[in-house]
Every structure is written in C-alpha cells, then in structure tokens.
Amino acid sequence: MSGPQCCDNPPTLNPASGSGHVEKLGGLDSYVTGPSYSNRAILLVSDVYGYEAPNLRKLADKVAAEGFYVVVPDFIHGDPYAPDNKERPIQVWIKDHGTDKGFEEAKSVVEALKGKGVSAIGAAGFCWGAKVVVQLAKSGFIQAAVILHPSFVTVDDIKAVEVPFAILGAEVDQLSPPTLVKQFEEVLNTKPEIEHHVKIFPKVVHGWTVRYNVEDENAVKCANEAHADMIEWFTKHVK
C-alpha cells in the first residue's frame, strides 16, 4: 500500500450523497440503504477515502435496489486519507487505521445486523477494505465475499478462506498485479469445496470500481461491469 497508486484519483467526499441515511450500527456511523426488513445484508468496506465517497454510496444504492439491506460503516472514524497532507503520508495514515482494527469492528457490525434479524450477509471490500473482508471470510462471519482491487491481501489469506469468494482485479495494478491475482486463483483452484470467481479487467487501474470519473464513459462502463459481477455473486450466494 506504500505506492502512490492506492491514492490516485481521490474522490470529492460528500456526506450528503446517496439516497440512504447515516445511523449508528455496531458502534459505528454507517451509511445504510435498502429495505431494513430484509434478511439479506451486504456490508461494503471502503478504501482509504472512507464511507462518504459518492461513487461508493451510489454503488450501495445500486446493491440495495436488488433487495439487500446495505451497510457502509465508517471504519476510519471520520479520518479519511488526505493526499494533500504531506506531513501525514499514506504509510503514517495506515498505522493509525490498521485493518486488524477494522476486522474487529466489522465483527461488531455483523453482530448488529444479526440482531436486526439478518440471516445472510455478504461483504465486499475495496483496496484497504479487501483485507477486512478476507478476514471475515476466514471465520464464517459472512456467507460470501468479493474483493475488488485489493491491498494487503496475501496468498496465505486466500488459503484460509471458507466461503464463496470472488476477486475482481485490475490489469494495471501495482498493489495486486495480475500475477498475484493469478496466484490467488491457483490457491482457490485447490479448494474445490469453495466456489470462486476470479476476473482481471483489462485496461483498468487500481481503484477503478469506486474512484472512476463519472464523466468518462469508458470508466463508467468498466465500473458498472464490475458492479454487476459483484451483485450477481451476492444474489447467488447470499440468501
């Protein structure tokens, strides 16, 4: 995560974006959208820019339109990475926002969802959030997982996955290059009991699913394709 690519194309954060609302869930401020009575929930774990990113909330609304109750918690506690702050480079920011802490807090969110009557939960993680989701997928906290242009995820992580698992990677990605994603796929191929899906999107870069330019037709098309794959995976496995 130390390379500059993780921080490319920072979004303009907007706490008012999306058609849902913010409420406390599992002790965290969370953007929630979709039918609150649904017994199927999707947890979206953001990248370093956090839960106020408009494209991420737009995606949450899109998933909610398929009948899921969708939750996007503020795992970084109102402290998104600020690339303009030269005194606090990404390496320093990461020390303040470890994925292990994110995993512990995600478990609390999962318990809160179960307390609302949710019986099936899927989770998707973007960049930083992918590591959190992999941890959930190792321990049976969720029913299905998707990681998109992941950061920090290792081959050993993938070896421990216990639920249906999808990986959506970018062809141009310094953090999880196609060679690493292929290694992940090779590990999953040795686990026939775990249904999996691995796809590398050509000509896109790390972060393309949530940090795309909405005025770039091709960028929107590529992001929408990944979103559709993610929703299809959850529709199949979270029920």
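The structure is a predicted model, in which local features need pLDDT of at least 70 and side-chain atom pairs count only at pLDDT 80 or more, while totals for chains, interfaces and linings use all residues. Residues are numbered from 1 along each chain as its sequence is written, and side-chain values use heavy atoms, with hydrogens and water left out.

Helix α1 (residues 54-64) is mostly covered, with eight of its eleven residues buried. Buried means under 20% relative accessible area, exposed means over 50%, and partly exposed lies in between (1.4 Å probe, protein chains only). The buried residues of α1 are Asn 55, Leu 56, Arg 57, Leu 59, Ala 60, Asp 61, Val 63 and Ala 64. Of these, Asp 61 has a relative accessible area of 18% and is therefore buried. Beyond its neighbours within four places in sequence, Asp 61 is in contact with Gly 18, Ser 19, Gly 20, Tyr 31 and Thr 33. Asp 61 and Asn 14 are separated by 47 residues in sequence and by 15 Å in space, C-alpha to C-alpha.

Two packed helices are described by the angle between their axes and the distance between the axes. Axes are lines fitted to C-alpha atoms, for helices over the stretch in contact, and angles run from 0 to 180 degrees between N-to-C directions. For α1 and α7, the axes come within 11 Å and cross at roughly 40 degrees. This makes α1 oblique to α7; angles under 35 degrees count as roughly parallel, over 145 as roughly antiparallel, 65 to 115 as roughly perpendicular and the rest as oblique. The crossing of α1 past α7 is right-handed, a crossing being right-handed if the near helix is turned clockwise from the far one by less than a right angle, and left-handed if anticlockwise. On the α1 side, Leu 59, Lys 62 and Val 63 meet Asn 224, His 227, Met 230 and Ile 231 of α7. By class, this contact of α1 with α7 has four nonpolar, two polar and one charged residues. Ala, Val, Leu, Ile, Met, Phe, Trp, Tyr, Cys and Pro count as nonpolar, Asp, Glu, Lys and Arg as charged, and the others, Gly among them, as polar.

His 227 is placed in helix α7 (residues 217-237). With a relative accessibility of 1%, His 227 counts as buried. Its side chain makes a polar contact with the side chain of Lys 62 (2.9 Å). A polar contact is a pair of N or O atoms within 3.5 Å; within protein, one must be able to donate a hydrogen and the other to accept it, and residues adjacent in sequence count only if both atoms are side-chain atoms. Apart from neighbours within four places in sequence, His 227 is in contact with Leu 59, Lys 62, Thr 209 and Tyr 212.

Thr 99, Asp 100, Gly 102, Phe 103, Ala 106, Lys 107 and Val 110 of α3 meet Trp 128, Lys 131, Val 132, Gln 135 and Leu 136 of α4. The residues of this contact divide into six nonpolar, three polar and three charged.

Val 133, also in helix α4, counts as buried at 0% relative accessibility. Leaving aside neighbours within four places in sequence, contacts of Val 133 include Val 45, Ala 123, Ala 124 and Gly 125. Gly 125 lies in strand β5 and counts as buried at 0% relative accessibility. Contacts of Gly 125, with the same exclusion of neighbours within four places, include Val 45, Ala 130, Val 133 and Val 146. Gly 125 and Pro 150 are 25 residues apart in sequence and 7.5 Å apart in space, C-alpha to C-alpha.

Most residues other than glycine have a negative phi. Phe 152, in the loop between β6 (144-148) and α5 (155-159), has a positive phi near 75 degrees. At 30% relative accessibility, Phe 152 counts as partly exposed.

Terms used. Contact = heavy atoms within 4.5 Å. Helix = DSSP H or I, 4+ residues; strand = E, 2+ residues; numbered from the N terminus.
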